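Have a look at it first, and then we'll go over some of its parts.

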Amino acid sequence: MAEYFETDDITKGFDSSITKRILTYIKPYKMLTILSLVALVVSTAGELLSPVIIRRAIDDALMKSWYGFSAAVRGSEADKTLKVTDADPEIGGTIYLRTSRLSGLSSEEKAGLQAEGIFNPKEMYVFKVLEGDGAQAALRAARPELFPAGSPWGVISTEELRALPAAEAAGLRAADSALIVRYVVTLLIILAAVLVSTFLMIYLSNLLGLKIMKDLRMQLYRHVLTRSFAFLSRQPVGRLVTRLTSDVETINQFFTDVLSAFIKDFSIMAGAIVVLYIFDVRLALVVTASVPLVLIVSSVARTKARDAFRNQRRWTSKVNSFIAEHLSGIDVVKLFVREAPAKAQFAAHDAELMKANLGEMHVFATFRPAVDFLATFTTAIALCAGAWLYLSRSISLGTLIAFVNLIGMFYSPIKDLAEKYIMLQSAMAGGERIFTLLDADEMILDAPKAEMPPRIRGHIEFDKVWFAYKSEEWVLKDLSFTVEPGQMVAIVGYTGAGKTTIANLVTRFWDIQKGDIRIDGHSVRDLPLGGLRRAIQPVPQDVFLFSGSIAENLRLGEGVAEERMKLAAEAVHANEFIEALPAGYDTELSEGGSNLSQGQRQLLSFARVLAHDPAIIILDEATSSVDTETEKLIQRGIEGLLAGRTSVVIAHRLSTIRSADKIIVLAQGRIAETGTHDQLIEKKGLYWNLYRLQNSGLV
């Protein structure tokens, strides 16, 4: 059985041309896009600043320490790295530098400076002397050596500081406590900014995606409505519905889940690497060394995930197709006792779908732990290298802790990279299919050269018309005939003779290849398409009713007066069954009007056409779906209402056209006979043969 749903691949590689075309839909929403990008920048910057603030809080307040250098360091070779300034604390001829300032010196250089007596490896704590401070005053009395005379600075070894009573230590570190509070407040402000900006980024990007999805769906819908029948006849309904729903949704995901996520993830990754190198080049190199391996794993995972995702969607489509077909044709399944084979087929399809789902799960179950392992392994290596550097006084503890945070920030986006890449591929495929549909230019050209006459008399003329649905496969061949205003002309013939085609050509559902069709002397190509179709109303073979009330189906959104609507219903004898319904004209119809009989639906289609008061009515097999009694009622109603109108009746049931002013008999796209019923019966030609077959040989 043919599959109802599409099973073509729903992913493709990145395509810059498709991406550019998708991004053009941002133009009407520039301000929304700018605000979303600003929120993204603030969110990204805030996340990158957080480990920087933590590092500063640890190094500047929690783990604050100095190392002493003799004044001889000024002007030495080491001074080029240390960059000693007059602002650095100097106590008793010893210049104290923060631990972070020593990161540029190698272990050999430190050992050389220590051997020369320039560098003291003992960790010290330098504090600002605060006159009048109670805690410092008590300590000054007990430990005067910590407060050199005339110096604004005091100094104590880290070991001694830790041994001090809590109150005395707090007195010395009052400035550090105040600094911690400032850093905490700063961090809270940053986190609040990240929270607000992340919310705004998600909200604005989703709003942008939804607006673009709405615009794109409306553009697609308008485009499909204006395409020609030639184009639409080649497009399965399921495919067009997919374009307007699933494919448009992939564009929404492109903006909400892919574009903003990619920008932020790559910004976070790039920013994390930059900050790592700013903090310490050596540790950054350790982290960077794992990047090639990460890229290899990600590349393999993307390929495997894409294939698994395609397989999963392919089997999902097959299962959906199977369900749709067998539920739609459930009566056939039961009639031919096909329940057991159907169950077996569905079980096989369902098993393949489960296998495909497991394949997709296997990819992600392998990729995510692999990335987690690389992240943990890199963190462990960085900790080992960082601990060695910390113990050798080359980096601060804050730097080491910040590195751990930044490594986590670097690897976190990678975990979602494969999934985001698949969404990108789906968006590319969806965009390609949408734009292929939008680029389809097959439509009936509406370029009127004349205004629609205020009143259509109803004169129809076919002048040497040639028409083919496919090139050179002619359905109508050199067809010429006229229908006078107010005439009822019937067109009959064997199946495939071209009867329904004539109805489609008069209303320009299709355009002819040769000849001309004129209404009141105007070529149908020269009249406005909307006006032409309002003046000519066909009643098709297949009745279609929309969900909604009977009145809504009769009016179809037009301003049809209630009196006119009921008059039309009475004329075709639909009023009788409508008023017998519990809600009358307000009765709600189910999908396709399935809560009405086939004959009732046909009567409503007649009433719908007549309610819009067309100048020309085309009845295409209009009485093929009603019983004989109902047909008689319809015939009486139509005969009364068609007075003053031109009507073209296309029928297989010849008994319904005995009163036609003229009968045209078609054979292989040409006119075989023309005349009234009695004239054609007397000829005993093709019409006589058709009539004889329908009446069991009785003429």
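Below we cover the model itself, a sheet, a helix and a pocket.

## What you're looking at

This is a predicted model, where local features need pLDDT of at least 70 and side-chain atom pairs count only at pLDDT 80 or more, while totals for chains, interfaces and linings use all residues. Residues are numbered from 1 along each chain as its sequence is written, and side-chain values use heavy atoms, with hydrogens and water left out.

Strands of a sheet pair through backbone hydrogen bonds, either parallel or antiparallel. Here, five strands make an open sheet in the order β2-β3-β1-β4-β5, with antiparallel pairing. β2 (90–91) and β5 sit at the edges with a single partner strand each, so one side of each has no neighbour in the sheet. Strands here are DSSP runs of E with at least two residues, helices are runs of H or I with at least four, and both are numbered from the N terminus. Two strands pair if DSSP finds at least two bridges between them.

Now for the partners. β1 (residues 66–70) pairs with β4 (residues 119–128) over three bridges, and W66 has M124 in β4 as its bridge partner. Five bridges join β4 to β5 (residues 153–157), with K128 partnered by W153.

## A well-covered helix

A polar atom of the K499 side chain lies 3.2 Å from the backbone oxygen of G493. After α17 comes R508, with a positive phi near 60°.

## The largest pocket

Rolling a probe the size of a water molecule over the atoms shows where empty space is left. A pocket is an open set of points on a 1 Å grid over the protein atoms alone, where a 1.4 Å probe fits, with protein on both sides within 12 Å along at least five of seven lines; lining residues have an atom within 4 Å of a point. The largest pocket is lined by 40 residues, with F229, F509, R533, P538 and F546 nearest its centre. Elements giving two or more residues to this lining include α17 (499–506), α18 (529–535) and β11 (536–539).

Terms used:
A polar contact is a pair of N or O atoms within 3.5 Å; within protein, one must be able to donate a hydrogen and the other to accept it, and residues adjacent in sequence count only if both atoms are side-chain atoms.
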